[in-house]
Amino acid sequence: IRAAAALCEEAWRQRPVVAVVSAMAKVTDMLLEALRHAEGGDEAGLERLLAQLDGKHRECCEALLEGPAREETQRALDSILDEFARIARGVLMLGERPPRSVDEAIAAGERLSATLIAAYARSRGIDALAANAWDVIVTDAVFGNASPLLPQTREKAAAVLLPALEQRRLPFVTGFNGATLDGRPTTLGRGGSDFSASIL
């Protein structure tokens, strides 16, 4: 995260930049595994993975930030992980993983990354923000492997990202995810963060 933020800062000092971030290593796999445990009725396995996800991001937050910035960022991370846990426990109750719920749940990895790197960049004096791609990238409703709708995405990107760039801000946008026109979260398939960057 430090290295990526330094690269983004160097580019940002020369020209307007939008950065697209992926989840931390192994996090998407952990999120999917947690949902599999939930679907199979393995509550202990689910809780173990929730604790691992929390620990991994908490450790990173503590290493990158200090003081009020650390506390504020940790609250944001907790909120994202709480949302994921809520969906996973719903899957546990249902005994199945609806594709729409899976897409909303596994986008948590990128949201956690964007929150961390934007906070770290701000601690270095960069006017950075974390942006969720479901506010920017519009897709069809093929959950798990959605395709972008480019005219609608262009409109949203102009409304959400362009003002930030005009204010010399650095948006860190979640890769891999988007949303349908009516706001249902989708994902672009594995490797989707590169696709997100190409779309933007």
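User: What makes β2 and β3 a pair of strands in this predicted model?

Analyst: In this predicted model, four bridges join strand β2 (residues 128-131) to strand β3 (residues 170-174), and the two run parallel. Two strands pair if there are at least two bridges between them, so β2 and β3, with four bridges, count as paired. Among the partners, A131 has V173 as its bridge partner in β3, and A130 stands opposite F172 in β3.

User: What makes β1 a partner of β3 as well?

Analyst: Three bridges join β1 to β3, and these strands run parallel; since the requirement is at least two bridges, this pair also qualifies. V20 stands opposite V173 in β3, and V173 is also the bridge partner of A131.

User: Why is β3 called largely enclosed by the rest of the structure?

Analyst: Five of the five residues of β3 are buried, so the strand is largely enclosed by the rest of the structure. L170, F172 and T174 point one way from β3, P171 and V173 point the other way, and all are buried. In a regular strand the side chains alternate between the two faces of the sheet.

User: Which elements make the right-handed β-α-β unit?

Analyst: The right-handed β-α-β unit is made by β2, helix α7 (residues 150-166) and β3.

User: Why is K26 called exposed, and where is it found?

Analyst: K26 is found in the loop between β1 (19-21) and α2. K26 has a relative accessible area of 62%, and because exposed means over 50%, it is called exposed. Phi of K26 is near 75°, a positive value in a residue other than glycine.

User: Why is A141 called partly exposed, and which residues does it touch?

Analyst: A141 has its place in the loop between β2 and α7. With a relative accessible area of 38%, A141 falls between the 20% and 50% limits, and therefore it is called partly exposed. Not counting residues up to four places away in sequence, A141 touches T180 and R184. A141 and K26 are 115 residues apart in sequence and 26 Å apart in space, C-alpha to C-alpha.

User: Why is D54 called partly exposed, and what does it touch?

Analyst: D54 lies in helix α3 (residues 43-64). The relative accessible area of D54 is 24%, which is between 20% and 50%, so D54 is partly exposed. When residues up to four places away in sequence are not counted, D54 touches Q74, D78 and L81. D54 and G175 are 121 residues apart in sequence and 20 Å apart in space, C-alpha to C-alpha.

User: Why does E9 count as buried?

Analyst: E9 is found in helix α1 (residues 2-12), and its relative accessibility is 10%; because buried means under 20%, E9 counts as buried. E9 touches R124 and I126, again not counting residues up to four places away in sequence.

User: How do you know that the buried residues of α5 line one face of the helix?

Analyst: In helix α5 (residues 99-106), V102, D103, A105 and I106 are buried. Seen down the axis of α5, these buried residues fall within an arc of 165°, so they line one face of the helix. The buried residues of α5 pack against α2 (27-39), α4 (67-94), α6 (108-123) and β5 (185-187).

User: What makes the charged end of R168 count as sitting over the ring of W12, and how many aromatic pairs does the structure hold?

Analyst: The charged end of R168 sits over the ring of W12, 5.2 Å from its centre; because the distance limit for such a placement is within 6 Å, the value of 5.2 Å meets that limit. As for aromatic pairs, the structure holds zero.

Terms used
Residues are numbered from 1 along each chain as its sequence is written. This is a predicted model: local features need pLDDT of at least 70, side-chain atom pairs count only at pLDDT 80 or more; totals for chains, interfaces and linings use all residues. Side-chain values use heavy atoms; hydrogens and water are left out. Buried means under 20% relative accessible area, exposed over 50%, partly exposed in between (1.4 Å probe, protein chains only). The arc is that of the directions from the helix axis to the C-beta atoms. Contact means heavy atoms within 4.5 Å. Rings of Phe, Tyr and Trp (its six-membered ring) pair if their centres lie within 6.5 Å; planes under 30 degrees apart count as stacked, over 60 as edge-to-face and the rest as tilted. A charge sits over a ring if NZ of Lys or CZ of Arg is within 6 Å of the ring centre and within 35 degrees of the ring normal. A crossover is right-handed if, with the strands pointing away from the viewer, the path from the first strand over the helix to the second runs clockwise.
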